[in-house]
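Dear colleague,

Please find the structure below. My notes on it follow.

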Amino acid sequence: MKNSWGTNFGEDGFFYISYYDPMVGDTNWVGVGTEPVDNYKAVYQYDPLGLCNTYGFNSETIWFANKFTASSTSSISAVGWYVMSPSSTYEISIYTDPTSGPVYGGSLKLKQTGTAANPGYNTIKLTSPVSVTNGHKFTVVVKTTTPGNIYPMPMEYPISQYSSKASAEPDQSFTSDNGQNWYDLDYYDANACLKAYAASDVATVVTPTFSPDGGTYNAAQSVTISCATSGATIHYTIDGVDPTQNDPTISSGAKVTVSKSLILKAKAWKTGMNPSAVKSASYIIQQSHKPTNDSLTPSSSSLRGYWKYTFTSTHSDSLGASTITSARLLINTSKSGVNAIYCLYSGNKLYLANDEGTKALGGYGPGSEKVIENSQCKLNCKDTTVSMSGNTLTVNWSLIIKPSMAIANEPCSAWLYVSDSSKLSQGWDKAGDFDFRPLDEPWNVSLIPVSGTLDTETQYTISSVYFDSACCSSMATAAILINNKYSVSNAAYCWYDVQANKLYLRNNNNTGSLGGYAPGSNKTIENSQCKLYCKNTSVTKTTNGLTINWRIEFKSSMSGKSCNGWLYIRDTSGVSNGWDQMGGYTIE
């Protein structure tokens, strides 16, 4: 005989059995009460390769459990495992909907005791089948005592060239020596050899129907949603997403009005039954109208680099503002999304095109603490508002024009674009003309790194870059603020006196500045939030630029905070562009 162990086993892979040998090997397993393979609808298991070894706590008694997710609404009618000794006693418990570990937070549905007369694989029928719900967790727990055997639990785990494909995941199999404290067998990359057998599925709710069904129509439709299963609850959606039991309900035979093109879906539930399949239909409502771009305010102005502006665009749709799905604002020297201020509102999210005009950046809600930027502008989500009134959608775009637009000093135009749920649009409409005034104030350029996770009690170099169109020598104060809110108190608030070449750190209450040492000096300035190492902090000046490499160590008081990074620059005339949020960090 030859097996799969290779030529190193036996005689070139072969071994021999005499006709007089009463058994093969020194361990044999039998199946007790063998049953037909189709007498159960489903088998829940984690041990398809079967018994590989046994486990115990140096005791004849052990608890082991498997937690499963029901693949359908059905009844668990039997469980099975490898029994290690004759006359082994057992106690089977089944829990539904455990929230933690095998049983915690779960509901005990069955407790059954008995004795397995014979060792080997035993299938134990339950005296009372336990109902499980599709998608819900349930746990089978076995307590067994195996006379004369202190390794009572059968388990499967990887063994090279035998069960190497065995695998385990967390929160599947557990064991315990007292039934109270449970250990996850994933620690050993193992699973308990414990199966649950489900009887035939319960009935399924009939799939809802629509009348009229999906199609193309010239007017709004009143669609009747029905379900033939008495007492079923119908949930529906109109956004193309499959319904859940959290979505709106509708009584069988009731109507929903479809006044615009959409995908209507419905699904029905009833206790004790499997939910229905999803009924889905696409309705196309042909419309003769198109949404319009109404106005842009301001429509003409002289813009300055790094100044904050609010551009208000209005758009309308005769079927109501709620039918508008997107609105866009484009400011550029030509009607092109390349190197442009190209903003988009869609799905109650704000976006800004990248410099190449090939990708939408962002995707944040109006009012959120987010800033989206490319090389031409920053879109401040917090101060951007969207409102609807009747047929009109109004977007107040909060923008900061970057110097790259102003330095080019080329006249720009503004265009508006709007589309509705039927993807109708009248295209781009020119809405304004703008030019740029010369830059006459310093501005904050960048913060590096712009994001990341920073550990406390560890030194980091954080670089801030500033620019002044006049010259670097016109700068007076450059600062960096890192805090979990826009507050200069209890913060990592460092500043550099450009004219005096001195570094400072604000105290906890922001009532005074600490330090006053030159970059490169062997000094350390600290408050309760951070330390500023002057020796390793460097300053580089160019004709118009200033770069400060701050060497900062955050203290434990900052641990666990999600912080933003702001920059500030002021010139010797007192002109400043204010604080700009330039980055964000998680401090651990």
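The side chains of serine 413 and aspartate 433 make a polar contact at 2.8 Å (N or O atoms within 3.5 Å, one able to donate a hydrogen and the other to accept it; residues adjacent in sequence count only if both atoms are side-chain atoms). This is a predicted model, in which local features need pLDDT of at least 70 and side-chain atom pairs pLDDT 80 or more, while totals for chains, interfaces and linings use all residues. Residues are numbered from 1 along each chain as its sequence is written, and side-chain values use heavy atoms, with hydrogens and water left out.

Serine 413 lies in strand 34, residues 412-420 (strands are DSSP runs of E, at least two residues, numbered from the N terminus). Serine 413 is buried at 11% relative accessible area (buried means under 20%, with a 1.4 Å probe and protein chains only). Leaving aside residues up to four places away in sequence, serine 413 touches Leu330, Ile331, Asn332, Lys430, Gly432 and Asp433 (heavy atoms within 4.5 Å).

Elsewhere, an open sheet of 7 strands with mixed pairing runs in the order 37-48-47-39-40-41-42 (paired strands share at least two DSSP bridges). Strands 37 (451-454) and 42 (513-517) are at the edges with a single partner strand each, so one side of each has no neighbour in the sheet. Within the sheet, strands 40 (492-497) and 41 (502-506) pair in the antiparallel sense over 4 bridges; cysteine 494 has leucine 505 of strand 41 as its bridge partner.

As for the whole protein chain, 46% of its 588 residues count as buried.

Regards

Methods: Buried < 20%, exposed > 50% of the residue type's maximum accessible area, 1.4 Å probe, protein only.
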